[in-house]
Amino acid sequence: MINMNNKTKNDVKFKSGFVSIVGRPNVGKSTLMNTLIGEKIAIMSDKPQTTRNQIRAIYNSDDLQIVFMDTPGIQKPKNKLGSYMMKASSSSMKDTDIILFVVDESKRIGVTDKEIIENLKNNTSKKILVINKIDKINKEELMDLINMYSEIGIFDEIVPVSAIKGENSNTLIKVLSKYLEEGPQYFPKDMITDQPEKVLVSEIIREKILMYTDQEIPHGIAVEIEQMKKRKDKDIIDVSALIYCEREAHKKIIIGHQGRKIKGIGKSAREELEFIFGNKVFLELWVKAKPNWRDKENFIRTMGFDDNK
């Protein structure tokens with residue numbers, strides 16, 4: 001007898017689609033994306049506005065491909081760079097299959113969250129609310145949050161997670177799969193990001209600067225990879241990077257007393273790059289003050305921030 005309920009691999013429908021991750025700064029969007037992919041794609045920091053560009057990360061399984069788009073945290077821009085970042089966030093909500101709106105454990109819906117919700121009301125994409133950082137609250141507080149957001153009436157589903165602990169990440173993938181339709185494989189199965197290597201390297205260096213510096217300095221820095229080349233005779237990758245900051249005083253802070261801070265930044269970045277590439281890395285870092293670069297449109301474009309992308 002033949003069991004008609006059994007399906008072969010050829011009978012399984014392949015689903016795919018694009019999912020935009022949006023939310024205000026510092027709710028854990030990049031951490032969530034890294035957790036879902038299982039690899040570090042976006043840099044992470046407890047400082048808001050860590051993500052500047054739209055970053056694509058690709059989740060692959062036998063019958064599913066999800067292209068996640070991590071975006072800068074939505075807030076009122078204070079300079080031209082901020083304007084580009086907000087355009088990147090807004091554009092990601094257009095022509096996407098699903099919008100993941102990420103919030104944290106805050107007990108009230110803040111002004112920025114309300115603005116995002118108003119924009120979502122006019123969007124025809126499927127909307128899934130992700131309540132992150134549930135490891136910081138108890139079950140009763142979580143139920144209060146779920147009820148509070150449910151009353152808004154625009155979310156197809158609400159999924160509580162702890163991105164940093166990986167809690168409910170598999171559940172979120174299953175929910176996304178439910179709302180995606182049959183589609184093509186947009187990227188090769190072994191591809192987890194479409195970021196060029198130079199961009200990944202510059203972002204890792206910037207992450208280490210975020211770790212080693214405080215206050216306003218991180219927002220005023222950018223990293224340009226001037227050279228990245230593997231030696232012909234040895235398994236060594238030579239990387240030369242230029243760190244831009246907005247003030248001479250910031251330059252001194254980044255370098256540190258007797259160059260100790262820049263050495264720490266370089267060592268930390270080099271170790272992570274060696275782990276990623278599986279090669280020895282020789283990393284040279286230089287620091288240059290470029291006043292008000294975040295408001296200089298031409299410079300912003302040369303650094304890869306382009307609102308026409």
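This is a predicted model: local features need pLDDT of at least 70, side-chain atom pairs count only at pLDDT 80 or more; totals for chains, interfaces and linings use all residues.
Helix H6 spans residues 197–212, and helix H8 spans residues 260–277. The crossing of H6 and H8 is right-handed.

On the H6 side, the contact is formed by Glu197, Leu200, Val201, Ile204, Ile205, Glu207, Lys208, Ile209 and Tyr212. These residues meet Lys261, Gly264, Ile265, Ser268, Ala269, Glu272, Leu273, Ile276 and Phe277 in H8. Eleven residues of this contact are nonpolar, two are polar and five are charged.

Two of the charged residues in H6, Glu207 and Lys208, take part in the contact with H8 and also form a salt bridge with each other.

In total, the structure holds 13 salt bridges. One of them joins the side chains of Glu157 and Lys178, with an N to O distance of 2.2 Å. This pair links distant parts of the chain, 21 residues apart. Glu157 belongs to strand S6 (residues 157–160), whereas Lys178 belongs to helix H5 (residues 169–179).

Lys230 and Asp235 form another salt bridge, with 3.8 Å between the closest N and O atoms. Lys230 has 44% relative accessibility and so counts as partly exposed. Asp235, at 53%, counts as exposed. Salt bridges also link Arg24, Asp104 and Asp113 in a network.

Definitions and conventions:
Residues are numbered from 1 along each chain as its sequence is written. Side-chain values use heavy atoms; hydrogens and water are left out. Axes are lines fitted to C-alpha atoms, for helices over the stretch in contact, and angles run from 0 to 180 degrees between N-to-C directions. Helices (H or I, at least four residues) and strands (E, at least two) are DSSP runs, numbered from the N terminus. A crossing is left-handed if the near helix is turned anticlockwise from the far one by less than a right angle, and right-handed if clockwise. Contact means heavy atoms within 4.5 Å. Ala, Val, Leu, Ile, Met, Phe, Trp, Tyr, Cys and Pro count as nonpolar, Asp, Glu, Lys and Arg as charged, and the others, Gly among them, as polar. A salt bridge is a side-chain nitrogen of Lys or Arg within 4 Å of a carboxyl oxygen of Asp or Glu. Buried means under 20% relative accessible area, exposed over 50%, partly exposed in between (1.4 Å probe, protein chains only).
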